[in-house]
Amino acid sequence: MTAASTASAEVLIPSSPSEAIEAFGDGDGIVVIGGGTILMPEIVAGRLVPERALLLSRAGLDAIIREGGTVRIGAGTTLEAVAAEAPEPLATAARQLADPEVRRQATLGGNISTISDGDLQAVLLALDATVRHTGSGGERTEPVASYLRRFGGDDERLALEFGFDEPEAGSYTRLDRPHAHPYTYMAVTAVRAGSATKVAAKGASPGCSRLPAVEQALADGASPEDAAARALDDAEPFDDALASAWYRSRVLPTLVARALADL
Amino acid sequence: MKAVGARFPRYDGLLHVTGRTRYVDDFKVPGMLWCRTLRSSIDSGRITRLDTSRAEALDGVYAVLTHEDPDRNVVGHLEDLGVPPDMPLLAEDEVRHKGQLIAAVAAESEERAQQAVDMIEVDYEERQPFLDIRKAFDPDQPQVTPDGNVYFYDPYDHCRVRKGDVDWAFEQADVIVKGCYRPQAIEQAPIETQAALAIPEADGKMTVHSTTQAMYFSMGIVAKFLGVSLNQIKFVGGTVGGGFGGKVDTAVEPIAALLARKARRPVKYRSTREEEFLALWTRAPWHIEIADAVSRDGWILGRRTLTLHDAGAYTGFSAYGAMKHLHHSAGAYTIPNVFMNSYVVYTNHVPTSAMRGFGVTSVSFAVETHMNRIAGELGISPWELRLKNGNRIGDLTPTRVKLEDPSTVPTILACADAAGVELPSEYAQMTPGERSGELLPEHLEDQLGKADAWRNR
Amino acid sequence: MRLMVNGAEQEVDSGPLASLLHVLREELDITSPKAGCQQGGCGACTVLVDGKPQRSCLTPLASVEGAMITTVEGLGDAGELTAVQQAFYAKYGAQCGYCTSGMMLAATALIDATNGDGVTRQEIEEVMGGHLCRCTGYVKIIEAVEAASRGETFDLEELRRAGTAGGEETMILDTGGQS
């Protein structure tokens with residue numbers, strides 16, 4: 001590992017996963033930079049002035065392992081690699097993010113850990129994924145669902161690896177604002193595993209969430225259309241710069257129906 | 001030599017493709033300082049306290065600029081044309097829009113300048129902002145300026161165009177077609193943000209490298225803020241990295257020049273993308289109401305319009321923009337009887353300005369949408385409606401300009417062709433030639449020759 | 001810290017979290033990458049890192065230590081332009097020029113990776129999709145990349161003559177017998 005310092009920042013640059021874990025320690029007062037696509041604009045603009053930073057670009061943590069029906073993806077894996085090698089629907093979701101240059105740099109861990117509404121969060125929720133992470137008290141594995149609820153909390157964790165079972169089938173459908181970087185304001189992921197179908201959405205409520213009423217209706221034998229109509233049971237549509245609550249409430253059932261039809 | 005219609009290579013193309021074009025931000029001089037700005041975080045309010053002392057004391061800070069520094073702090077962009085100046089370069093006792101400039105810092109690096117900006121203390125007493133132009137005439141709305149929310153075009157509170165007998169047209173009409181159109185603000189968003197590099201010279205003169213689209217105009221503005229004559233300033237322009245109207249506003253040059261004078265060092269002010277979007281001027285939002293008196297066979301006999309131009313918090317170029325808009329409010333069509341009013345309305349939005357057809361693009365959107373609405377209500381082809389009413393040689397515009405070479409007819413025919421629309425032969429064969437026969441109904445006969453009579457009156 | 005920029009080794013002093021864009025422009029005076037937005041949204045700062053296009057504004061310096069950086073200054077000069085540069089010049093792919101460097105580097109990487117074989121319009125749109133141009137509407141840019149991918153070359157001498165025509169230069173235009 002090399003350590004470099006400037007007048008304002010001490011930057012740790014681990015060259016292996018174990019160095020990264022050691023450097024992160026209990027995470028107190030450390031800013032973790034994966035690909036940099038989310039945090040660099042903040043640093044350049046002077047809005048974020050890290051005193052200590054952990055730069056993961058050489059730390060490895062970027063393996064995608066598919067064996068025995070399970071999938072493990074390192075948190076440092078770029079979205080380009082996720083798009084190329086991960087199973088569906090994760091690959092399709094990653095392929096539609098930002099643009100090829102940003103995907104080459106941005107990491108899965110960053111999309112899950114740095115912002116509260118990363119496009120891939122709902123996909124991992126539908127996959128019932130777990131995350132192995134480290135920090136105070138050492139390594140732990142927990143569901144991504146509970147990990148996401150940490151946003152804004154004090155317990156700093158460093159995501160190391162995501163894991164889930166290979167789904168039998170998956171679909172991903174979304175709406176975005178047309179732009180060079182298509183900003184997703186709503187996306188629905190559906191995954192079939194065993195006899196269950198799991199459905200999660202970004203933009204139905206602030207952040208990302210599962211849609212249990214839809215899942216229950218499907219389990220009870222409802223048609224995809226009837227199940228999709230239940231999507232609003234678990235939604236708290238909201239206004240933001242990309243879409244109004246009114247619009248979200250009207251397109252959500254349609255998107256769910258589309259995701260189920262594509263499954 | 002035939003140049004029109006020929007394809008010449010771009011004169012600066014070789015420099016562009018070799019990365020050698022020098023834009024303002026590519027210039028650097030020894031001892032150069034960087035600028036960052038403090039801008040209002042609220043839409044409207046009084047400034048109750050402004051304390052720059054901690055910023056001034058910070059290491060690496062060479063100058064902090066406030067409203068006390070310019071020779072004249074209030075300079076009107078169109079004051080030489082009689083439009084009263086109203087906008088302070090740096091806010092003094094009040095702010096009227098989010099992003100309004102309050103202070104600027106010159107420091108050894110952008111980071112240090114930003115740190116200093118963050119140390120400036122400012123307190124506001126917030127006021128209710130006025131944001132919806134549609135409410136300009138409602139009582140009890142917040143007042144943006146001490147003189148109200150509407151710009152005064154002496155002797156009216158609006159600019160106007162009158163022609164013919166609009167009451168006659170509305171009495172004759174088979175159908176009155178009404179529409180309301182609200183094109184929104186658009187940021188010009190050039191890829192090159194506005195930038196200036198001001199260099200104080202040994203003889204007391206000031207050299208300013210500028211991204212302006214309007215060299216002499218910007219030079220005059222800077223001279224006024226500095227309180228010097230034009231021969232004390234040298235402006236260096238050159239290749240502009242996109243402007244689209246937004247770079248006539250001279251937003252960064254005065255700040256760089258005043259900071260350079262105060263610091264006695266060269267200062268570069270490269271506005272950030274956030275500033276471009278939040279604080280620098282945009283194309284105006286509009287509220288455009290159109291009512292047309294239309295005959296069942298597709299003649300537009302008369303038009304009434306009431307349009308509200310959102311000037312934002314200060315006049316800027318709006319007095320001119322609204323007038324230009326008004327003169328184009330009949331679109332590319334000949335309407336013999338018009339009664340058109342346009343109001344410049346102040347709001348607590350960022351001031352608005354030029355963008356690709358200043359005021360005209362917005363009303364063209366409204367007029368063309370309205371043409372389709374008329375066609376829909378009459379149940380006739382929108383192509384035929386446009387061709388029938390389209391400007392022809394000898395027609396008079398609402399401002400009584402006699403058209404000599406109008407392009408409406410060939411343009412619409414080209415559009416129909418590109419869209420694969422087959423028109424009946426009497427329309428497909430149409431030319432812009434003078435009106436006659438069925439294309440010269442009684443209500444249009446009057447206008448021919450009127451321009452000459454009017455000019456010779 | 002060491003960087004290889006356009007084939008030359010450079011020693012740089014900026015901090016490890018400085019953006020590569022800042023290092024290139026402010027420290028090394030390599031100004032073809034532009035600070036269009038400094039948040040990864042416009043593509044004007046794109047450079048090649050080990051041959052692949054990357055936003056230099058989003059790239060912390062420490063993450064590219066030892067990497068090969070290529071900017072437009074390293075592509076060719078006015079005497080010997082690459083196929084991409086020629087096509088952007090001859091096919092009007094550059095207007096104000098501010099987005100041009102990033103556009104050309106993204107196109108260069110695409111054509112280098114495929115040798116230009118069978119590059120489709122869809123691939124060009126995908127690869128260049130994050131690059132904003134406010135002047136041209138993209139048509140000329142895409143046409144230029146298509147021409148470069150087909151290996152089209154242009155007689156720059158003739159283009160230059162046309163650019164300076166009007167004096168004693170021989171015009172290449174059909175002037176219809178008038179002069």
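**Entry 1: strand E5 of chain B**

I looked up Trp34(B) and found that its bridge partner in E5(B) is Ala107(B). The model is predicted, so I noted its limits: local features need pLDDT of at least 70, side-chain atom pairs count only at pLDDT 80 or more, and totals for chains, interfaces and linings use all residues. Residues are numbered from 1 along each chain as its sequence is written, chains are lettered from A and ligands numbered from 1 in the order in which they are written, and side-chain values use heavy atoms, with hydrogens and water left out.

I recorded that strand E1 (residues 33-39) of chain B pairs with E5(B) in the antiparallel sense over six bridges. Two strands pair if DSSP finds at least two bridges between them. Helices (H or I, at least four residues) and strands (E, at least two) are DSSP runs, numbered from the N terminus. I then found strand E3 (residues 61-65) of chain B, which runs antiparallel to E5(B) and is joined to it by four bridges. Here Ala63(B) has Ala106(B) of E5(B) as its bridge partner.

Is strand E5 of chain B buried or exposed? I found that seven of the seven residues of E5(B), residues 101-107, are buried, so the strand is largely enclosed by the rest of the structure. Buried means under 20% relative accessible area, exposed over 50%, and partly exposed in between (1.4 Å probe, protein chains only).

**Entry 2: strand E10 of chain B**

I next examined strand E10 (residues 206-210) of chain B, where five of the five residues are buried, so this strand too is largely enclosed by the rest of the structure. Met206(B), Val208(B) and Ser210(B) point one way from E10(B), while Thr207(B) and His209(B) point the other way.

I found that strand E9 (residues 195-200) of chain B pairs with E10(B) in the antiparallel sense over five bridges, and that Ile199(B) stands opposite Thr207(B). The hairpin of E9(B) and E10(B) has five residues between the strands, and in it Gly204(B) takes a positive phi near 90°. Strand E11 (residues 233-236) of chain B runs parallel to E10(B) and is joined to it by four bridges. Val208(B) has Phe235(B) of E11(B) as its bridge partner.

**Entry 3: salt bridges within chains**

Side chains of opposite charge can pair when their charged atoms come close. I counted as a salt bridge a side-chain nitrogen of Lys or Arg within 4 Å of a carboxyl oxygen of Asp or Glu.

Arg248(A) is buried, with a relative accessible area of 1%, whereas Asp240(A) is partly exposed at 38%.

In chain B, Arg261(B) and Asp71(B) meet in a salt bridge (3.5 Å, N to O). Arg261(B) lies in helix H6 (residues 253-263) and Asp71(B) in the loop between E3 and strand E4 (94-95), so the pair ties together parts that are 190 residues apart in sequence. Arg261(B) is partly exposed at 33% relative accessibility, and Asp71(B) is exposed at 52%.

I also found a salt bridge between Asp395(B) and Arg435(B) (3.0 Å, N to O), and both residues are buried.

**Entry 4: chains B and C**

How many residues of chain C are in contact with chain B? I found 46 residues of chain C in contact with 38 residues of chain B, contact meaning heavy atoms within 4.5 Å. The two chains bury about 3500 Å² between them, 57% of it on carbon and sulfur atoms. Buried area is the accessible area (1.4 Å probe) that two parts lose on being put together, summed over both. Tyr92(C), Tyr98(C) and Arg134(C) supply 21% of the area that chain C buries against chain B, more than any other three residues.

I noted five salt bridges between chain C and chain B. In one of them, Lys28(B) pairs with Asp29(C), the closest N and O atoms being 3.2 Å apart.
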